[in-house]
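Subject: Structure handover

Hello,

I am passing on the structure we discussed, with sequence and coordinates below. My notes on it come after.

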Amino acid sequence: MQNLNDLAISESGLIFDPASGSIAISNPTGIQILRAICEGKSIEEICEELVREYQEQPEVIAKDVEDFLIQLRNHGYNHD
Amino acid sequence: MTRIAVTGLSAGESPSPGLGVIRSIREHPGWTGKIIGLAYDAYESGVFASRLVDSVYLLPYSTAGSDALLERIAEIHSKERIDAILPNLDVELPNFIRIQKKLNDLGIRLFLPSEEQFKRRSKAQLMQCAAEAAVRTPDTMVLAGPPTDELKKQALPAVVKGLFYDAQVVYTHAELMQAIHRMASYWGYPVLVQQFIPGEEFNAIALGDGTGETIGALCMKKLVMTEKKKGWVCVTIENPELERIIRALVRTLKWRGPMEIEAIHSKEDGRFYVFEINPRFPQWIYLSKAAGANFPYSYLQLALGDEPQMSRHRPGVLFSNCTMNLITDLASLGSLFTNGELHYAQNVHEANL
C-alpha cells in the first residue's frame, strides 16, 4: 500500500502519484478529505467537519467518507 | 562554437529521437553552434525543420556498411568540421561503433559503448545480461531459423520481436507461427519470442560514463499509447525501484553513453520486468530537458571531454506528441535529391518549427 502523503494534489482536483505516474480526478470534497488525511486528522474529525459544513446526517457523511476510503484502497492507497 | 551532427530526423507516425535531441541541445543556455542533421532519406520529415537543423546531409543506408559511412562522414566533415556526432537509431549504431576510433582520429567525438557492450544488451542476450544485473526479464526464446514443432509448447500470449524493430503480441499458435514468418521476412533471423507479462509499461533513460557510474537517470510512464505502443502522452515520474534497475544495468555493463529501458510493471507480482534495453535516446527524450535534466546536452559534454552538469528531473512533467506540417519548397527537396545536402542559410522558406 502506498502512502497518501506521497501524492501530489492540485487545486483543480487532479491527483498525481509521482512514483507510478497514475493520474486520478476527484471532486472538491474528495480533495478536502485527502488534504485532511495528509494533515493528520482522524476520520472521525473529518466526518465531524463535513457534517458541520454540509449540514448532513452523520451516518450519511460517514458512509460517503467510507466509500471514498474504499476507492483509495482500491487504488492502492492506505489512509492510515 | 560547437558543431554537432545528429541522426534520426524522422518525425512521423513513429518518431525518431533526433528532433527531440536537437531541441534539447538548442535550448540549453550554454549552447552556441551549428546543428547538422544526418538523414537516410530526403523525405525524413525533420530535414525540413529549418529552425532546428542548420544543414542536412544524406548518409548511405546502414546496409552499405561502416566503410561507406566513414567515407561519407569524412566528406561531410571536410565541409563542416564536425566536433561531435549523436547517433539515435538502433540499426546504424553498429556501424558508428565500428568506426568510432577512426572518427576520433578525424577529430569527431562520440560517446558510445563498445561493440561488446552493444551486443551484451541486445534482445538476443537480454536474459543473460539482466541476470548478471539481478534484474527481472520475461523469458525469451531466440529463434536462429524457421520455427519447429517445439514452438507448439510456447505459453501464450507471447510477444514476437525482430532483432532491431517491430513487436507483435500473439494469442494463438497459428498467430505465433505467422508472426515469426512475417518478422523473419522483414528483418531476418534471429526472431525472438518473449513471454507476455500483463501490466503497465514504464520507461527509463540513463547516461553511463563508461566506468559503471550513471551520470543521470530519469523515469517516465506512458499515459496514452499509439497502436504500435509508442508513447503519445507521457509523464515523468520518480520511481526508486525502476531507477535502481537502470543504474544496475549501467553498472553491470559499464555502459558508455545513452540507454533506455522498457519495462512492464507486472499486475501479478507487482515487480518490474525489463523487456528491452535500447542503446540510444528514445523518441521522448525532449521530455527530459523539459523536466529539468538535459540528457542530450550532457551527452555532448561527455563527448567533448567536459564534465556534464545535469540537474535532477522534476516528476509530473507531461508531454503530448503532435503532428505539425513542415512547409518547404522544391528547391530544398531538389538540393537533397541531387546534391545530398541542404543548407538553410541559402534556402529561404517558411517552416513551422
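This is a predicted model: local features need pLDDT of at least 70, side-chain atom pairs count only at pLDDT 80 or more; totals for chains, interfaces and linings use all residues.

Aromatic pairs

Searching the whole structure gives 5 aromatic pairs over all chains. In one of them, Tyr43(B) and Phe337(B), the ring centres are 5.6 Å apart and the planes stand at 75°, so this pair is edge-to-face. Tyr43(B) belongs to the loop between strand E2 (33-39) and strand E3 (55-58) of chain B, while Phe337(B) is part of helix H11 (residues 330-339) of chain B, so the contact ties together parts 294 residues apart in sequence. Tyr43(B) has 55% relative accessibility and therefore counts as exposed.

Phe281(B) and Tyr299(B) also form an edge-to-face pair, because their planes are at 75° and their ring centres 6.5 Å apart. Phe281(B) sits in the loop between strand E13 (272-278) and helix H9 (286-290) of chain B, and Tyr299(B) in helix H10 (residues 295-303) of chain B; the two are 18 residues apart. Phe281(B) is buried at a relative accessible area of 0%, and Tyr299(B) is buried with a value of 0%.

Charges over rings

The charged end of Arg23(B) is placed over the ring of Tyr286(B), 3.8 Å from the ring's centre. Arg256(B) lies over the face of Phe111(B), and the distance to the ring centre is 4.1 Å.

Sheet in chain A

Chain A has an open sheet of 3 strands in the order E2-E3-E4, paired antiparallel. Its edge strands, each pairing on one side only, are strand E2 (8-9) and strand E4 (23-25) of chain A. Strand E3 (residues 14-16) of chain A pairs with E4(A) in the antiparallel sense over 3 bridges. Across that pairing, Leu14(A) stands opposite Ile25(A) of E4(A).

Cysteines

How many disulfides does a search of the whole structure find over all chains? The count is 0. For Cys38(A), the closest cysteine sulfur is that of Cys47(A), 16 Å away, which is too far for a bond; the cut-off is 2.5 Å between sulfur atoms. Cys38(A) is partly exposed, at a relative accessible area of 27%. In chain B, the sulfur of Cys234(B) has its closest cysteine sulfur in Cys219(B), at 13 Å, again too far for a bond. Cys234(B) counts as buried, with 0% relative accessibility.

Regards

Technical notes
Residues are numbered from 1 along each chain as its sequence is written. Chains are lettered from A and ligands numbered from 1 in the order in which they are written. Side-chain values use heavy atoms; hydrogens and water are left out. Rings of Phe, Tyr and Trp (its six-membered ring) pair if their centres lie within 6.5 Å; planes under 30 degrees apart count as stacked, over 60 as edge-to-face and the rest as tilted. Helices (H or I, at least four residues) and strands (E, at least two) are DSSP runs, numbered from the N terminus. Buried means under 20% relative accessible area, exposed over 50%, partly exposed in between (1.4 Å probe, protein chains only). A charge sits over a ring if NZ of Lys or CZ of Arg is within 6 Å of the ring centre and within 35 degrees of the ring normal. Two strands pair if DSSP finds at least two bridges between them.
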